[in-house]
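Start with the place where the chains meet.

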Number of protein chains: 2
Amino acid sequence: MKYRTHLSSEISEALAGREVIIAGWIHLKRDLGGKKFLIIRDKDGYIQVVISRKEQPKLAELFYELTPESTVSIRGTVKLDKRAPNGYEIVPAEIIVHSRAKAPLPLDVSGKVPADIDTRLRERVLDLRRDESRAYFKIISVALRAIREELYRRGFIEIFTPKIIATATEGGAALFPVAYFGREAYLAQSPQLYKELMAGAFERVFEIAPAWRAEESDTPYHLAEFISIDMEMAFADYNTVMEVLENVVYRAVKAVKEECVKELKILNYEPPDIRLPLKRFKYVDVIKALQEAGHNIKVGDDIGTPELREFCKVVKEDLFFIVDWPSEAKPFYTMPRKDNEMFTESFDLNWRFLELASGSTRVHIKDLLIKRLKEKGLNPESFRYFLKWFDYGIPPHAGWGMGLGRFALMLTGARNIREVTLFPRDKKRLKP
Amino acid sequence: MKYRTHLSSEISEALAGREVIIAGWIHLKRDLGGKKFLIIRDKDGYIQVVISRKEQPKLAELFYELTPESTVSIRGTVKLDKRAPNGYEIVPAEIIVHSRAKAPLPLDVSGKVPADIDTRLRERVLDLRRDESRAYFKIISVALRAIREELYRRGFIEIFTPKIIATATEGGAALFPVAYFGREAYLAQSPQLYKELMAGAFERVFEIAPAWRAEESDTPYHLAEFISIDMEMAFADYNTVMEVLENVVYRAVKAVKEECVKELKILNYEPPDIRLPLKRFKYVDVIKALQEAGHNIKVGDDIGTPELREFCKVVKEDLFFIVDWPSEAKPFYTMPRKDNEMFTESFDLNWRFLELASGSTRVHIKDLLIKRLKEKGLNPESFRYFLKWFDYGIPPHAGWGMGLGRFALMLTGARNIREVTLFPRDKKRLKP
């Protein structure tokens, strides 16, 4: 017998009377004595199977042995029945059990018995079978496709930069050391310097790949391993790449709203409506608004979560840019403004209090890079390999990086980045 | 002045007499005295700029200061001229130098002075500006898009599995250790076990992400860090996923042939014509054919490069599957054949002597997995975390993995995987 002839999504009333083979997991069992029901779950949805004790005595016996989450193939006939969830059900002739699940399981996949996130992450393979989890990862996949399509349309090519690197590229945040053929190396925190160099060869590049930060902080928004969406563009400044970013976000949200209607319904969530262009607020104006709202904050300070919450209320915007950050708040490769070098050509994209992405015009002049490194207390000698290329003709360029997990919070309404990461890695979690 | 109004690809005879701003690198300079020529290179191609000493004396002076690979923006008028490479050239009014390249450079980007691969990899940022390199990475990007589109079309979702893992998942090949918050962890050699588990939640998944093997061998086909294209599919066996693989390959080759005409011309290469279905040769028949050709080989042996070269000649095929490998040649998670458990439901996809991809039906029954682990001399206890899930209802499933770099060799005609990897990592190379 074949594993399957039809997915649940491929069965309709038009198949009434036809024999089909469905396959999936035993999601629920319901025993009404004379009639016994199985709800079978597959990647696309659910389908009801009905066993009559009188007419199918052997299958009715087998029913008692079927444990939830066991995998099966079921050959049977599509029968119309107004009482069935989709208006039809399957009357089985044969049930093949591929793999019998133990009972009871440590987690209820049907979601009727809620579990805390620690339990769910420990039993992640079961947890990911829940409707909500499957909705999250379908939405993420649809968004990824839309993100890439928008970038392809604009002449970007997809690249992969090295993840094992010889030296820290950004300074600051902690790195994970790797033992590399007897030498010490590190896991890349971001593709920053490499993507800049690649803009110096291919002009328009993007990368969607893992990055690592040895984050000590235990928050719903930080992980030690995360997927970073990065782009870099030659002969462009921060205004140009902000326009690319807002269009990438727009297109991803549009795709999710159009292609994930079922998933958003499961999540009871609607991503924000986006009107382009997004509002751009100058950093100094944000500070001023916060001061007027009574916050003890001054130019040069970072803008923290409580302040951002307040600012969203004041301006009544959920998704917006904060631009022209002070030099001390941004990395060494950020281009100072021509009119006032205390500030930079930089931006953050914020969704409410959460920083989704940040970017800037980059410094493409070697002497200025060295000056900026020194101002940051970094040693230009450790960046020798990177600086060398700036003697080889680097174009003016700009770019941004966006965390896929954080973006997924906006797309799905999930409250913790661990929900939208298959197997999250943090200080506590290295397994499963 | 804007950086650019037009890419080289956007300029045509129709713009004759119009003012444009182009931007790019000084690719070549040619001084004919009264007339001085600059060939400007941008992401899409080349465009000629002509300076008349008599009419543009200041620009003619600047001409001498312009070094190859310096980045510039040039404002000027499009002028038709049959002698120009595209039938038109730019008569400049203004030239802005963004970044002056030092001279001489350690590598000739125009490709007129060939360099060996070690030099080119050391000066990789310059090397990647060569036409051939840019053609390689354009082709790879086009192929990636086509690969994903074929998988999306078949209902797959894109996932990212963890790269920092607690234990070796495949045994055998060497792992890179990572210091993870005071604990020892490893870089994933492949997403194998995770993708299998994800087929047990989402049914059809794929991942395109880095993987690492501490390869000691120095060959044109091995790297310590590589991009692995992985898929896994529930309720499927190896025949089903071979059909997916050959369609993925077909679609990628088709996209490259259609969208990369210019790049293939630069490389003077044509990827193989593919007719589906690809030929499937049984492992035992390959051994028999080799024995008949006089090779000293027997059932159970691996099939090495010299034997594969010979086999290609005998069967006159360039791209083909070898199926039903003996158990000892395949990993523990490979499903034995039902008719003869000395052999497995497995395949390699070969391009000439090179293994591009391999896959199989996987074992979804816990007891059989434990038996297979023991046969391989592996300790089931080290796979406890993985085995546990097989009590939770795992569907029958199958999948494959393909190295992007090796596939790129077939798509581009490059002879060394380092050519088609931006910054290759091997035993010798951790920089740049």
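**Where the chains meet**

Between chain B and chain A, 49 residue pairs are in polar contact, both residues at pLDDT 80 or more. A polar contact is a pair of N or O atoms within 3.5 Å; within protein, one must be able to donate a hydrogen and the other to accept it, and residues adjacent in sequence count only if both atoms are side-chain atoms. On the side of chain B that touches chain A, helix α4 (residues 131-153) of chain B gives the most, with 10 residues. That side divides into 56 nonpolar, 12 polar and 33 charged residues. Here Ala, Val, Leu, Ile, Met, Phe, Trp, Tyr, Cys and Pro count as nonpolar, Asp, Glu, Lys and Arg as charged, and the others, Gly among them, as polar.

The rule finds eight salt bridges across this interface. Each is a side-chain nitrogen of Lys or Arg within 4 Å of a carboxyl oxygen of Asp or Glu. One of them joins Glu123(B) to Lys388(A), with the closest N and O atoms 3.4 Å apart.

**How the model is read**

This is a predicted model: local features need pLDDT of at least 70, side-chain atom pairs count only at pLDDT 80 or more, and totals for chains, interfaces and linings use all residues. Residues are numbered from 1 along each chain as its sequence is written, chains are lettered from A and ligands numbered from 1 in the order in which they are written, and side-chain values use heavy atoms, leaving out hydrogens and water.

**Area buried**

About 8700 Å² is buried between chain B and chain A, and carbon and sulfur atoms give 66% of it. Buried area is the accessible area (1.4 Å probe) that two parts lose on being put together, summed over both. In chain B, Phe181(B), Tyr392(B) and Leu430(B) lose the most area to chain A.

Methods:
Helix = DSSP H or I, 4+ residues; strand = E, 2+ residues; numbered from the N terminus.
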